[in-house]
Amino acid sequence: LEKKPKREDLCCSIKIWRVETGELLHVLRVHDQPTYVIVTHPLDARLFATAGYDSKVCFWDLETGKLVRMFQLKFPFDDRLSPADFDARSAEILEGHFCPDGLAFAVS
């Protein structure tokens, strides 16, 4: 029987291949919701960032495939916000970019 891929393998893992050979180098699994941001550092080709619907911002070492640092955006609970209108505990990240000097990373 053929195994069905897990949901997180389809939408949440990030795969890194060697361009010259097509060899799969790394499968990165930290996100548990779809990932919409994958961006390389402007000055350090070994570093890149990922972010997505799970409100996680992850910084990775491309050579080793290891997670360097992770942040998870959280908003304080606010009784004025209806959970039906807005999840007051997390943020869905759709865009992310390094500043030109690489010292800051902005998300929205």
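How many disulfides does the structure hold? I looked and found zero, a disulfide being a pair of cysteine sulfur atoms within 2.5 Å.

**Ground rules.** I am working with a predicted model, where local features need pLDDT of at least 70, side-chain atom pairs count only at pLDDT 80 or more, and totals for chains, interfaces and linings use all residues. Residues are numbered from 1 along each chain as its sequence is written, and side-chain values use heavy atoms, with hydrogens and water left out.

**Cysteines.** I checked the cover of Cys12 and Cys99 next. Cys12 counts as buried because its relative accessibility is 1%, while Cys99, at 29%, counts as partly exposed. For this I call a residue buried under 20% relative accessible area, exposed over 50%, and partly exposed in between (1.4 Å probe, protein chains only).

**Salt bridges.** I took a salt bridge to be a side-chain nitrogen of Lys or Arg within 4 Å of a carboxyl oxygen of Asp or Glu. The count by this rule is three.

- I found Lys56 bridged to Asp32, with 3.7 Å between the closest N and O atoms. This pair links distant parts of the chain, 24 residues apart: Lys56 is in strand β5 (residues 56–61) and Asp32 in the loop between β2 and β3 (35–40). Strands here are DSSP runs (E, at least two residues), as helices are (H or I, at least four), numbered from the N terminus. Lys56 is buried because its relative accessibility is 10%, whereas Asp32 is partly exposed at 44%.
- I noted Arg18 and Glu23 meeting at 3.8 Å, N to O. Arg18 is partly exposed at 37%, and Glu23 is partly exposed at 42%.
- I also noted Asp44 with Arg46, at 3.3 Å from N to O. Asp44 is partly exposed at 26%, and so is Arg46, at 41%.

**Aromatic pairs.** My search of the whole structure gave six aromatic pairs. Rings of Phe, Tyr and Trp (its six-membered ring) pair if their centres lie within 6.5 Å; planes under 30 degrees apart are stacked, over 60 edge-to-face, and the rest tilted.

Phe48 and Trp60 make a stacked pair, because their ring centres are 6.4 Å apart and their planes lie at 20°. Phe48 is in strand β4 and Trp60 in strand β5, so the pair ties together parts twelve residues apart in sequence. Both Phe48 and Trp60 are buried.

I then turned to Phe59 and Phe71, an edge-to-face pair with 6.1 Å from centre to centre and 80° between the planes. Phe59 belongs to strand β5 and Phe71 to strand β6 (residues 67–72), and the pair links these distant parts of the chain, twelve residues apart. Phe59 is buried at 13%, while Phe71 is partly exposed at 42%.

Which residue has a positive phi although it is not a glycine? I found Ser55, with a phi of about 70°. Most residues other than glycine have a negative phi. Ser55 sits in the loop between β4 (47–52) and β5, and it is buried because its relative accessible area is 0%.

**Surface patch.** Last, I looked up the nonpolar patch that Trp17, Leu24 and Val27 form on the surface, with about 270 Å² of accessible area together. Patches are made of residues with over 30% relative accessible area and no salt bridge, joining like charges within 9 Å and nonpolar side chains (Val, Leu, Ile, Met, Phe, Trp, Tyr) within 5 Å. Accessible areas come from the Shrake-Rupley method with a 1.4 Å probe, and for residues only the protein chains shown count as cover. Leu24 is in strand β2 (residues 24–28) and is partly exposed at 40%.
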